[in-house]
Amino acid sequence: MRLSILILLACLSALAARAHAEADLARGESLYATCASCHGADAGGNRALSAPRLSHLREVTIVAQLEKFRAGQRGGEGATASARQMAPMAATLPDEQALLDVAAYIATLDSPVSPATVEGDPALGADYYNQFCGACHGPGAAGNVALNSPALAGGDDWYLVAQLQAFRAGERGAQSGDRTGRQMRAMAAVLPSEQAVADVVAFIRSLSEGE
Ligand code: HEC
Ligand code: HEC
């Protein structure tokens, strides 16, 4: 008797967890209306506003980054102007469920990869990538959920350069509570020069060709 109650409770809590994790796409779509003014209706990004493409990102990445913006771990003190612009936008989302809803809606969108703008040597970049980056971001730069590392293939090359520079300058990944950001900051510092940053991004950009 007691056992069957325990089993019933376990089933109920599993159901509750599922219900909580289920996103409301219609709500996500209406929440995204604000985001679209910068990131575009198809989440393809807008370079003039420094707003990156989002449509290649996993829901879990989008939620994690929105949480960081809301907590001041990204876009807080010492951050770049573009990150400080995004932080108040993340703060407008009314509750935790809204993060899941808007992320689920973004995941339904598709957009063309933005044109290549960074001049670098993709062959040299491949060497850096395979040596320093692939273990976490994966051989095709598709990211790795278990390691919290986002997809890079499909990202705007100008955005990837800007983020690597921000990590290197301590404008991102410097806050004490930002465990994964600090991890990535240490890796960005391994690249020997600004040219190496351009090279590795040129290689990542080449991976998304043909999309
Ligand atoms: C005023 C323009 C603006 C609006 C509106 C805006 N964003 Fe952003 N967003 C940005 C900028 C600029 C960045 C780049 C931040 C940086 O450089 O670190 C960004 C970055 C992001 C990132 C990080 C992407 C990554 O690869 O880590 C996510 C996720 C995101 N925005 C989601 C949203 C969502 C969801 C909304 C709507 C609730 C939204 N944004 C509204 C400008 C905007
Ligand atoms: C130890 C694992 C690890 C290694 C190795 C690593 N990264 Fe990362 N990377 C991460 C994690 C985790 C994040 C997410 C950071 C965050 O949440 O702010 C990240 C984020 C990034 C971002 C930001 C993406 C975005 O959408 O904002 C870029 C760009 C990036 N990594 C490039 C690289 C490059 C280039 C290398 C090699 C020089 C590299 N990473 C090596 C774990 C790693």
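Predicted model: local features only at pLDDT ≥ 70, side-chain atom pairs only at ≥ 80, totals over all residues.
Helix H3 (59–71), helix H6 (122–137), helix H7 (157–168) and helix H8 (179–188) each give at least two residues to its shell. Helices here are DSSP runs (H or I, at least four residues), numbered from the N terminus.

I noted the conventions. Residues are numbered from 1 along each chain as its sequence is written, with chains lettered from A and ligands numbered from 1 in the order in which they are written. Local features need pLDDT of at least 70 and side-chain atom pairs count only at pLDDT 80 or more, while totals for chains, interfaces and linings use all residues; side-chain values use heavy atoms, with hydrogens and water left out.

**Ligand 2, shell.** I found 24 residues surrounding ligand 2, the closest being Cys133, Cys136, His137, Tyr159 and Met184. A residue is near a molecule if one of its heavy atoms lies within 4 Å of it. The shell has 14 nonpolar, eight polar and two charged residues. Ala, Val, Leu, Ile, Met, Phe, Trp, Tyr, Cys and Pro count as nonpolar, Asp, Glu, Lys and Arg as charged, and the others, Gly among them, as polar.

I list Gln65, with a side-chain N or O atom 2.8 Å from an oxygen atom of ligand 2. Tyr159 has a polar side-chain atom 2.8 Å from an oxygen atom of the ligand.

**Ligand 2, iron.** Which protein atoms are donors of the iron atom? I found His137 (NE2) and Met184 (SD), lying 2.0 to 2.2 Å from the iron. Donors are N, O and S atoms within 2.8 Å of the metal (3.2 Å for Na, K and Ca); water is not among the atoms, so sites may look incomplete. His137 lies in helix H6 and Met184 in helix H8, so the pair ties together parts that are 47 residues apart in sequence. I then checked accessibility: His137 is buried at 9% relative accessible area, and Met184 is partly exposed at 22%. Buried means under 20%, exposed over 50%, partly exposed in between (1.4 Å probe, protein chains only).

**Ligand 1.** I counted 23 residues around ligand 1; the closest are Cys35, Cys38, His39, Ser82 and Met86. Oxygen atoms of ligand 1 lie 2.8 Å from a side-chain N or O atom of Arg74 and 2.7 Å from one of Ser82. Helix H2 (25–39), H3, helix H4 (81–91) and H7 each give two or more residues to this shell. H2 supplies the largest share, five residues. By class I noted 15 nonpolar, seven polar and one charged.

Key:
Polar contact = N/O pair within 3.5 Å; in protein donor to acceptor, adjacent residues only side chain to side chain.
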